[in-house]
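Below are my notes on the structure, as numbered points. Please read them alongside the sequence and the coordinates.

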Amino acid sequence: MLDLTGKNALVTGIANNRSIAWGIAQQLHKAGANLGITYLPDERGRMETKVADLVAPLNPSLFLPCDVQNEAQIQSTFEAIAEKWERLDILIHCLAFANKDDLSGDISSTSRSGYGKALDISAYSLLQLSGAAKPLMTAGGSIVTLTYLGGVRVIPNYNVMGIAKAALEMSVRYLASEMGSQNIRVNAISAGPIRTLASSAVGGILDMIHHVEQVAPLRRTVTQTEVGNTAAFLCSDLASGITGQVIYVDAGYEIMG
Ligand code: 0WD
């Protein structure tokens, strides 16, 4: 049985009710996990209110601002966890960013700053959050991040985010190797295209979704709930032998030529 009762899970990357992280948080909660939620703060505090209202039914025991480009916020997030929870069991890294201009056109036009920002937020942040989580995962743990096929193959317009996802997937392997001796497992879910705030910035995303609906073995795209179910599985003892892997939740699209 998939049971996360008694496990403490930190979920990052919820922006709204379409976010993949929202699908994951719901499934972790359903399986019995105790949740901590972080959100990306904005100046007017709108995101805080919006995300707080959304996640209220899941009764998170921690709700914290955490911009992964802000060292102080990362530190306070993990200090709050250390203070409130006996230990951390699960870390969900479900965030990414690239400038919209860099998600279409020529990859050779990517600016140095755009490249740096995309890699920093979308890939380096996994190393940073995992490093902060490691000392709190005293009974082992599970770290799950989200990636996309565009990190392995050239997908039109995915551009700099594809480079970031390649770095992210390799980070998963190095982290798994480092943390395995502490029984911390690190895996990625490679999700098929789903309409969200982040994916709407990728040029031609709707065409990509329609293409997947025609070509994928299941003849459809996947839902946030399906990704959430896989994340819950990876975080559970049922997946105790799985680490360093990229698991495709994409209706089978990846196998098609
Ligand atoms: O088709 C898709 N939607 C797929 C998404 C297919 C395969 C993978 N993914 C990945 C994304 O690349 C990302 O890693 O899933 C993850 C979650 O993305 P999402 O659910 O598609 O998008 P969204 O709901 O927009 O959540 C991403 C969130 C941000 O949202 P906005 O739209 O406000 O940028 O990432 C967070 C933020 O909440 N985020 C940050 N969090 C902390 N610090 C930061 C930051 N600096 N920047 C963005």
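1. Gln182 sits in the loop that joins helix H5 (159-179) to strand S6 (184-191); helices (H or I, at least four residues) and strands (E, at least two) are DSSP runs, numbered from the N terminus. The model is predicted: local features need pLDDT of at least 70, side-chain atom pairs count only at pLDDT 80 or more, and totals for chains, interfaces and linings use all residues. Residues are numbered from 1 along each chain as its sequence is written.

2. Gln182 has 14 C-beta neighbours inside 10 Å and therefore counts as partly exposed. On this scale a residue is buried with 20 or more other C-beta atoms within 10 Å of its own, exposed with 12 or fewer, and partly exposed in between, C-beta atoms being placed from the backbone.

3. Beyond neighbours within four places in sequence, Gln182 contacts Lys134, Met137 and Gly140 (contact: C-beta atoms, placed from the backbone, within 7 Å). Its C-alpha atom is separated by 14 Å from that of Ile242, 60 residues apart along the chain.

4. Helix H3 (residues 71-84) has 14 residues, which should span 20 Å at 1.5 Å a residue, and its end C-alpha atoms are 20 Å apart, in agreement. The expected span is 1.5 Å times one less than the number of residues.

5. Thr77, Phe78 and Ile81 of H3 are buried. Seen down the axis, the buried residues of H3 fall within an arc of 85°, so they line one face (the arc is that of the directions from the helix axis to the C-beta atoms). The face turned away from the buried side carries the exposed residues Glu71, Ala72, Gln75, Glu79 and Glu83.

Conventions
Two residues are in contact if their C-beta atoms, placed from the backbone, lie within 7 Å.
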